[in-house]
Amino acid sequence: MSNNRKLWLGLAALLIASFSVLLWAGGEIFRTAPPMPERVVTQQGEVVYTRADIEQGRQVWQSMGGMQLGSIWGHGAYVAPDWSADWLHREATGVLDIWARADGGMASYAQLPEDEQAALQRRLQSMMRANTYDPATGTITLTRDRAVAASNVAAHYVSLFGNDPATAELREAYAMKEGTVDTLEHRRALTAFFWWTAWAATTERPAAADNAAAGGYPLKVANAVTYTNNWPHEPLVGNKPAASLWLWSVFSVMFLIAGIALLGWHYAVSHGRGEEPHQIPKSDPFALLRITPSMRATAKYFWVVLALFLCQILLGAITAHYQVEGQEAYGFALSQWLPYSLSRTWHTQLAVLWIAVSWLATGLYIAPALSGHEPKFQRLGVNFLFVCLLVIVVGSFAGQWLAVMQKIGLDNNFWFGHQGWEYADMGRFWQWFLFVGLLLWVTLVGRALWPVLRGAANEAKSIISLLFLSTVAIGVFFGAALMWGEHTHISEVEYWRWWLVHLWVEGFFEVFATAVMALIFTRLGLIKTSVATVAVLFATIVFMTGGVLGTLHHLYFIGTPTSVVALGASFSALEVVPLAYIGFEAYHTYKLGKATPWMARYKWPVLFFIAVSFWNLVGAGLFGFLINPPLSLYYMQGLNLTALHGHTALFGVYGMLGIALMLFCLRGLRGQMVWDVRPVKLAFWSLNLGLVLMALLTLLPLGILQLRASIEHGYWYSRSAEFMQQPLIDMLVWLRMPGDTIFSVGAVALAWFVLRLWVVPTRDPALVGVAGNAEG
């Protein structure tokens, strides 16, 4: 059996086993998720909330932007509180104040002596952690005092999400527009949903659920945890890290060290063995590449990539500025026209869109380049897909604006407005449209590659097959966004949403990129195809070993049993293992860029590939593992340390790679023109330096300060207006300006470079003899 065949069988076995376990984990999450009650009543039989109230409240929350304004269970935006943690703290202090007035004769709990505070706190924990849900009737029963406290908190939220002058200052601190929710009825329903998320965060999961997850062995009461595994940290109600979080955090570090050691051993014994001297071509093999009509049609995709990139940067600046002025931008009431929740929605969505469009265009460009085959009507298909992508962007953005401005109505919001789930915000109609568009993309790439795929076996066939399979996976796995409905349990939605965000963006796009880069360097003749094939298959196996089940590290606190937490902690550590050796990849790429004089034509795509390696190590590896272990994420989820990882990994890795692929394709599309690379040089250094400054001057120090506040006072405080409006925090937010400005200069320089290739092109005299072939 050949080495390639063994690797293919190993990859297939790995994927079958990993996805089997991932599906099993989903079943466990669905089984142990916090129950949705039919009624919430007091001990006296008074109805507090109904299921209809909670369901409608969730619809209201989604329509106003959902996770793009504050967060739920730690997932969402960083301005405004985590509503679950905020409600929990307000309700707990409300109950304590009621008891302080009744038992101690004091106006508030804070005025009591410490011993009396401790006694009331133990009483509070006993009441709020007790699970009073009755499965037979679907009823949650509250004490009278807790119902009164909940009513008071609800009144605060009704005021906050309207336009009550009493909470105007807080709305400004939270960057909320006036009248965030349109009607009193909807604001009251919203409080029901917030209450339920807080109830799940403080109510202990029935012991039977964790006993089943532990194989039927009885668990001691001391190990009892809430539905969200004691998240958020809230000392008043006894929410602190469970023993399992400590245990599996330690094991995750051990798995990381063991994985790095094992991969290091493999590298040491296999590197350089059996490699024969390789003859590098004397001229650029791509110089005579025939540019087909469909390949030429991809140019417009790259124009749109840059337009979306520039818009994303502008919206990022607006979103960051909201942290300083709240509702305004230099005196203009911007929030009434472009609310924070909408600017952040478009900012995050555009990040995924421009990167995805760059990669889609690369697939459409490289498929005919590899096969030399231009299928009939291929150009028409490329142009039709381009129009579809524009319609999806404009249509989904318009629907989201109408939703956040409360103009579309709850009945239409799910399908055409704002779903409220971070990175999966667009309405269901637009998701279906995009899914069909991706299937069209798979078809277009597949039909161009078909002569190679069906042809006789050759050295490159394995890599091209992997490229095509990753293309299929990208198209099919976007279907995870279609797996939930409008009223699907939030724990189930989160499970499928992270299939989309983690497996789609961080998984199969990674395989696609690995295969594309390998094919580029093999077709340039810089590395042997046989060597590249083994390297790509092995790299895919290593990455997918932790990548598939690493999805679970996003799900620690959404109703997840301990067994699934253990899997997430273990395999997310393995995700970092290959990144520890990313320096070898960067050095190898650098050597390829210097291998022959004609590689100077590809200097800047190669440098962007090297930047990808750097940010893979720093953003995905260092900052990713910083927050991955359960104990770390318990305190850091939803803080700026999460944003630190998000910015440096999403743009640093996938954005830089998108730019590198774009420059490579442009070298073929406009390679016969003179390339004034000064703007590209400026773009490269500005984008990298700007990202470094953004990370080191704002996101990292701000995240560390929030982390300390979360550990010392509770998670609610690290996200509160009291903490976030301090002068030091304002200064750190303003310190984003140097990095953001430098970054923006880089983006504009890149756009100017591409624009000049079409607006004021100058033919390269040295390439006049091959220009006709290049034009095709």
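**Exercise 1. Is Q406 buried, partly exposed or exposed, and what is its relative accessible area?**

Solution. Before we start, keep in mind that this is a predicted model.
- Step 1: find the residue. Q406 sits in the loop between α13 and α14 (410–416).
- Step 2: read off the value. Q406 has a relative accessible area of 17%.
- Step 3: compare with the cut-off. Buried means under 20%, so Q406 is buried.
- Step 4: look at the backbone too. Q406 is not a glycine, yet its phi is positive, near 60 degrees.

**Exercise 2. Now try A175: where is it found, and what is its phi?**

Solution. 
- Step 1: A175 is in the loop between α6 (168–173) and α7 (184–202).
- Step 2: its phi is about 60 degrees, a positive value, although A175 is not a glycine.
- Step 3: the relative accessible area of A175 is 2%, so this residue is buried.

**Exercise 3. Work out whether A398 is buried, partly exposed or exposed.**

Solution. 
- Step 1: A398 belongs to helix α13 (residues 378–404).
- Step 2: its relative accessible area is 40%.

**Exercise 4. Describe how the rings of F309 and W354 are arranged.**

Solution. 
- Step 1: know what to look for. A pair of aromatic rings is described by the distance of the centres and the angle of the planes.
- Step 2: see the background. Searching the whole structure turns up 58 aromatic pairs.
- Step 3: take this pair. The centres of F309 and W354 are 4.4 Å apart, and the planes make an angle of 35 degrees, so the pair is tilted.
- Step 4: F309 is buried at 1% relative accessible area, and W354 is buried with 1% relative accessibility.

**Exercise 5. Which parts of the chain does the pair of W354 and F651 tie together?**

Solution. 
- Step 1: W354 and F651 form a tilted aromatic pair, with 6.2 Å from centre to centre and 50 degrees between the planes.
- Step 2: W354 lies in helix α12 and F651 in helix α23 (residues 640–669), so the pair ties together parts 297 residues apart in sequence.
- Step 3: both W354 and F651 are buried.

**Exercise 6. What is the relative direction of α24 and α28?**

Solution. 
- Step 1: get the geometry. Helix α24 (residues 678–713) packs against helix α28 (residues 736–759) at about 160 degrees, and their axes are 7 Å apart.
- Step 2: apply the cut-off. Angles over 145 degrees count as roughly antiparallel, so α24 and α28 are roughly antiparallel to each other.
- Step 3: The crossing of α24 past α28 is left-handed.
- Step 4: sort the contact residues. There are 18 nonpolar, 5 polar and 2 charged ones where α24 meets α28.

**Exercise 7. Repeat this for α1 and α17: what is their relative direction?**

Solution. 
- Step 1: the axes of helix α1 (residues 3–32) and helix α17 (residues 490–523) come within 9 Å and cross at roughly 155 degrees.
- Step 2: with that angle, α1 and α17 are roughly antiparallel to each other.
- Step 3: α1 passes α17 in a right-handed crossing.

Notes: Residues are numbered from 1 along each chain as its sequence is written. This is a predicted model: local features need pLDDT of at least 70, side-chain atom pairs count only at pLDDT 80 or more; totals for chains, interfaces and linings use all residues. Side-chain values use heavy atoms; hydrogens and water are left out. Rings of Phe, Tyr and Trp (its six-membered ring) pair if their centres lie within 6.5 Å; planes under 30 degrees apart count as stacked, over 60 as edge-to-face and the rest as tilted. Buried means under 20% relative accessible area, exposed over 50%, partly exposed in between (1.4 Å probe, protein chains only). Helices (H or I, at least four residues) and strands (E, at least two) are DSSP runs, numbered from the N terminus. Axes are lines fitted to C-alpha atoms, for helices over the stretch in contact, and angles run from 0 to 180 degrees between N-to-C directions. Angles under 35 degrees count as roughly parallel, over 145 as roughly antiparallel, 65 to 115 as roughly perpendicular and the rest as oblique. A crossing is left-handed if the near helix is turned anticlockwise from the far one by less than a right angle, and right-handed if clockwise. Ala, Val, Leu, Ile, Met, Phe, Trp, Tyr, Cys and Pro count as nonpolar, Asp, Glu, Lys and Arg as charged, and the others, Gly among them, as polar.
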